[in-house]
Amino acid sequence: MSFEVRCWECGKVVDDPYSDSCPDCGGLLDLGNDRSELKGLTPYELRRRPIGVWRYAPFLPVREEKAVTLKEGGTPLYDCRSLGGIVGLKRVWVKYEGANPTGSFKDRGMTVGVTRALELGAKVVGCASTGNTSASLAAYAAKAGLDCAVVLPAGNVAAGKLAQAVFFGAKVIAIDGNFDDALRIVRELAAKRYLYLLNSINPFRPEGQKTVGFEIIDQLDFQVPDRIVLPVGNAGNIWSVYKALIELADIGWIDRMPKLVGVQASGSKPIVDAFKAGKSDFTPVCKPETVATAIRIGNPVSGKKALKAIYDTGGSAVDVSDGEILDAQKILGRAEGIGVEPASAASVAGMIKLVQTGSIGRDERVVCICTGNVLKDPDIVLKSFGKIRPVPADFESVKKIVAPYD
Ligand code: F0G
């Protein structure tokens, strides 16, 4: 699909492909797509192709023939009857993004972003990350034969994610600072052209991430849910889902918008604070803290876009404590057999909270997007469940545990 990169705030067309903000007003960038090219396209035609990011190629701004792909997307939408029973909702679905090739939703954005990097002739790609972006970028850079540098907050990246970035051959740089510091540094490196930046501030990333919105609607046979609930960190994903819905509404494939609900951790909730105050901009949180390290972000770069997505759909923003996040993670695992990392469990925790406070009605049809796999952060699971102590290697010792009352 043909497109223009434009400033989201003042509308200026930005030609420099390395820019990550408007040279005039400093605003965020966005892709203006020429939707007239979608005229005549039907869901039926799309469905001839396997489900996944590239089923929606007509909505994407890069050429599919050149795609750097690991067959991302096409993740399950689980109909969660047990979870619904526990929380008191008739219909709840979990969109399980942990089933992506590197175990998180980031792969949707990276297939498009890295394809764009190749189109531009970039040699080095890079990002700041709380972990998943770096794991994903490292894999796609490996596939594309590009060098990759990732800058991470030292001591605050889950083991699985760190291992992936190292494994796929990225230069891994840990800084004594948080994600917001890391992003500031890589943006400067990108401005000086040492690397092509692939954080979600790059407007090609949300284009790929849009496809989670397409898939949810597609998997529900175009029956629009009442709400889509998702975690918010740097705020690229909620914007991407909003964009997908706008595009589907624009071409007449859906006739109403689901309410978008953004969930943040209580120690890191600038968007929730802004929403509660009715503001369209937010005040950064200086020292964000949460067990959900993936969303430990105080200055979300797409925060203003997130607020627009929430207001325009009549949605809301809610924060949840670390305890509520870990409880939700456990409920999902034990009731549904779905393993998610803490940041992903935040969406379920937020949904539970909103049902309990009556903000979500019991008849509503709710989709929670669970963004990353439980294996990303094994330490947190093992910490919650205590040490496993070895027993002697004999039948009786093991039987005593398997059948204690026999
Ligand atoms: N869930 C997970 C598992 C994440 O890794 C992230 C973000 C989010 C939710 C929030 O998404 O930033 O689009 O609002 N992780 C980024 C990273 C920041 O570096 O991996 P967002």
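A nonpolar core, as I use the term, is a set of buried Ala, Val, Leu, Ile, Met, Phe, Trp, Tyr and Cys residues joined through side-chain atoms within 4.5 Å. Buried means under 20% relative accessible area, with exposed over 50% and partly exposed in between (1.4 Å probe, protein chains only).

Ground rules first. I am looking at a predicted model, where local features need pLDDT of at least 70, side-chain atom pairs count only at pLDDT 80 or more, and totals for chains, interfaces and linings use all residues. Residues are numbered from 1 along each chain as its sequence is written, and side-chain values use heavy atoms, leaving out hydrogens and water.

Entry: the cores. I looked up the largest nonpolar core and found 40 residues, of which Phe59, Ile238, Val241 and Leu260 touch the most other members. Two or more residues each come from α8 (211-219), β9 (227-231), α9 (236-250), α10 (270-276), α11 (303-312) and β12 (365-370). For these labels, helices (H or I, at least four residues) and strands (E, at least two) are DSSP runs, numbered from the N terminus. Helix α9 gives the largest share of this core, 7 residues. Then I picked Val241: leaving aside neighbours within four places in sequence, Val241 is in contact (heavy atoms within 4.5 Å) with Val212, Ile228, Leu230, Leu260 and Ile369. There is also a second, separate core of 36 residues, including Cys7 and Tyr140.

Entry: strand β9. I checked the cover here, and 5 of its 5 residues are buried. Arg227, Val229 and Pro231 point one way, while Ile228 and Leu230 point the other way. Next, who pairs with β9? Strand β10 (residues 259-265) does, in the parallel sense over 5 bridges; pairing takes at least two bridges found by DSSP. Val229 sits opposite Val261 in β10. From β9 the chain crosses through α9 to β10, and this β-α-β crossover is right-handed (with the strands pointing away from the viewer, the path from the first strand over the helix to the second runs clockwise). β9 also pairs with β12, parallel again, over 3 bridges, and there Ile228 stands opposite Val367.

Entry: another sheet. I traced an open, parallel sheet of 4 strands in the order β7-β6-β5-β8.
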